[in-house]
Amino acid sequence: MQNNFVLIADFGGQYNQLIARRVRELKIYCEVVPWNKIYQEALAKKPQAIIFTGGPASVYEQNAPKVQKELFKLNIPILGICYGLQLIAQTLGGKVVSPDFKEYGKVELIKKEDTKLLNNVEEKTICWMSHRDYVETLPKDFKITALSKQCPACIIENDAKKIYGVQFHPEVAHTQAGMQILQNFLYDICNLKPTWTMGNYKENQISELKEKLKDKKVLCALSGGVDSSVAALLVHKAIGNNLTCVFVDHGLLRYKEGDDVENIFRKRFNMNLIRVNVEERFLNALKGVTDPEKKRKIIGAEFIKVFEEEAKKLGKIDYLLQGTIYPDVIESGTGTAEVIKSHHNVGGLPKNMQFKLLEPLRLLFKDEVRQLGLELGLEEDLVFRQPFPGPGLAVRCLGEITKEKLEIIQKSDFIFREEIKKHNLDRAIWQYFAFLPNIRSVGVMGDSRTYFHTIGLRAVNSLDAMTCDWAKIPYDVLDIVSQRIVREVSGVNRVIYDITSKPPATIEWE
Ligand code: XMP
């Protein structure tokens with residue numbers, strides 16, 4: 001892997017993760033490093049190519065991110081994107097200025113010359129621009145090979161030194177020739193081979209983990225979510241029973257979920273799984289509590305206590321396995337995201353427990369984690385499952401949490417999920433579930449008056465959970481779900497559908 005890969009220097013632009021995604025789509029392994037570490041990383045890791053991302057600064061500002069001039073003497077091909085292009089120009093003696101014009105959005109790119117970088121690119125093509133500055137004077141030995149109506153230097157090249165800059169964003173889907181240009185750079189100019197596949201990655205990771213973990217003991221808090229499941233299975237393939245998974249079944253899971261997790265990991269994959277059944281303990285701790293934040297705190301604290309008790313029984317543990325993934329690691333571009341997330345993930349584990357962290361998915365994007373899960377033999381239902389909150393159904397059960405209310409949610413939620421799947425909507429909706437708003441209302445069933453619970457249905461589409469739209473589920477499907485719930489779940493006489501987006505609402509009800 002080490003001799004066929006790309007380093008991406010992160011200058012803080014909004015599309016940086018997308019660049020890494022595109023390079024991996026071209027089946028080439030890449031890593032993103034903060035801009036101030038690129039020189040040392042390039043020296044140490046010797047990549048076949050370097051890409052500079054865009055960024056919000058102007059290269060002529062005093063504190064703008066810079067790179068050492070020596071980086072250009074390592075004979076590694078470089079492609080600069082937007083800020084990256086301007087940085088190349090300025091560092092090598094050109095001049096970058098802020099012109100009267102600004103280009104944002106779709107702009108026509110006009111090819112001036114046929115070059116390796118522009119092979120198979122149309123004479124005129126649409127590209128995505130987002131810049132305030134442009135290269136007014138070229139550095140020595142560079143030429144312009146494409147322009148736009150307003151910007152005279154949209155692509156600059158020094159083919160002999162293999163240094164290139166593009167003013168637009170080839171990684172954005174609106175840039176028609178974006179993938180072609182990236183491919184030209186990586187395959188034809190840098191001679192990289194498209195060998196990065198999940199199958200290869202899996203095999204490499206397993207042998208690296210075998211080597212690293214030899215006689216070490218690893219502990220994992222398995223939740224049944226995608227990331228922790230894939231991480232656990234990967235490590236299990238490498239070290240077998242030296243991995244112990246603790247699955248805390250706090251009774252706040254979905255219908256039969258505890259049994260499913262046990263069946264998959266203990267029975268099918270033969271993993272060393274400890275299922276701790278602590279439903280009663282959690283229900284007791286939550287008795288009489290109605291405040292949402294208090295509930296969360298109780299659940300978090302109780303979870304840690306249970307986990308700690310189990311860990312103590314196991315004796316010496318060397319590593320704690322975590323399902324941290326790449327977006328968590330690179331989201332800030334400053335290298336600090338890593339630290340914040342690790343602390344966050346460990347979630348206040350007791351200070352006297354001395355583990356090292358093991359994060360085997362930390363270089364993978366979410367869809368790559370799913371691919372890896374499939375490679376490892378996990379079933380599609382688990383690999384493509386929707387997000388589920390740590391405190392489980394507690395955030396969907398308003399008011400006091402009781403066994404009776406939890407069962408009503410579980411059964412209603414099961415029916416909702418079953419119908420969504422039956423109607424082929426499960427991959428089209430980001431998150432969908434039933435909740436209990438703690439309202440009883442009058443109804444009539446047969447000839448009798450009822451005074452039963454209301455069940456709420458929530459289904460949303462989102463990219464990152466920060467905002468969401470409510471999902472426009474066909475009325476016919478909602479109708480079937482509603483009829484089934486009042487018929488099959490005793491204690492429910494009314495079903496409502498939440499049609500609020502986030503903001504102003506949130507996805508969960510608590
Ligand atoms: P909200 O309700 O804040 O939810 O719009 C956004 C996303 O986060 C999930 N969620 C949680 N996940 N612990 C978690 O691990 C929590 O306390 C929690 N609260 C909400 C929620 O399911 C949605 O995907």
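This is a predicted model: local features need pLDDT of at least 70, side-chain atom pairs count only at pLDDT 80 or more; totals for chains, interfaces and linings use all residues.

**Salt bridges and the sheet**

Modeller: Glutamate 419 and arginine 484 form a salt bridge, with their closest N and O atoms 2.7 Å apart. A salt bridge here is a side-chain nitrogen of Lys or Arg within 4 Å of a carboxyl oxygen of Asp or Glu. The pair links distant parts of the chain, 65 residues apart: glutamate 419 sits in helix H14 and arginine 484 in helix H15 (residues 475-488). Helices are DSSP runs of H or I with at least four residues, strands are runs of E with at least two, and numbering starts at the N terminus.

Colleague: Are glutamate 419 and arginine 484 buried or exposed?

Modeller: Both glutamate 419 and arginine 484 are buried. Buried means under 20% relative accessible area, exposed over 50%, partly exposed in between (1.4 Å probe, protein chains only).

Colleague: How many salt bridges does the structure hold?

Modeller: The structure holds 40. One of them joins arginine 396 to glutamate 508 at 2.8 Å, N to O. Arginine 396 is in the loop between helix H13 (380-383) and helix H14 (403-422), and glutamate 508 is in the segment after strand E21 (492-497), so the pair ties together parts 112 residues apart in sequence. Arginine 396 is buried at 2% relative accessibility. Glutamate 508 is buried at 12%.

Colleague: What about glutamate 25 and arginine 21?

Modeller: Their side chains meet in a salt bridge at 3.9 Å, N to O. They are four residues apart in helix H1 (residues 16-25), so about one helical turn separates them. Glutamate 25 is partly exposed at 39%, while arginine 21 is buried at 15%.

Colleague: Switching topic. What is the strand order in the open sheet?

Modeller: The order of its nine strands is E2-E1-E3-E4-E11-E10-E9-E6-E7, with mixed pairing. Strands pair if DSSP finds at least two bridges between them. The edge strands are E2 (29-34) and E7 (124-131), each pairing on one side only.

Colleague: How do strands E3 and E4 run?

Modeller: E3 (residues 49-52) and E4 (residues 78-81) run parallel, joined by three bridges. Phenylalanine 52 stands opposite glycine 80 in E4.

Key. Residues are numbered from 1 along each chain as its sequence is written. Side-chain values use heavy atoms; hydrogens and water are left out.
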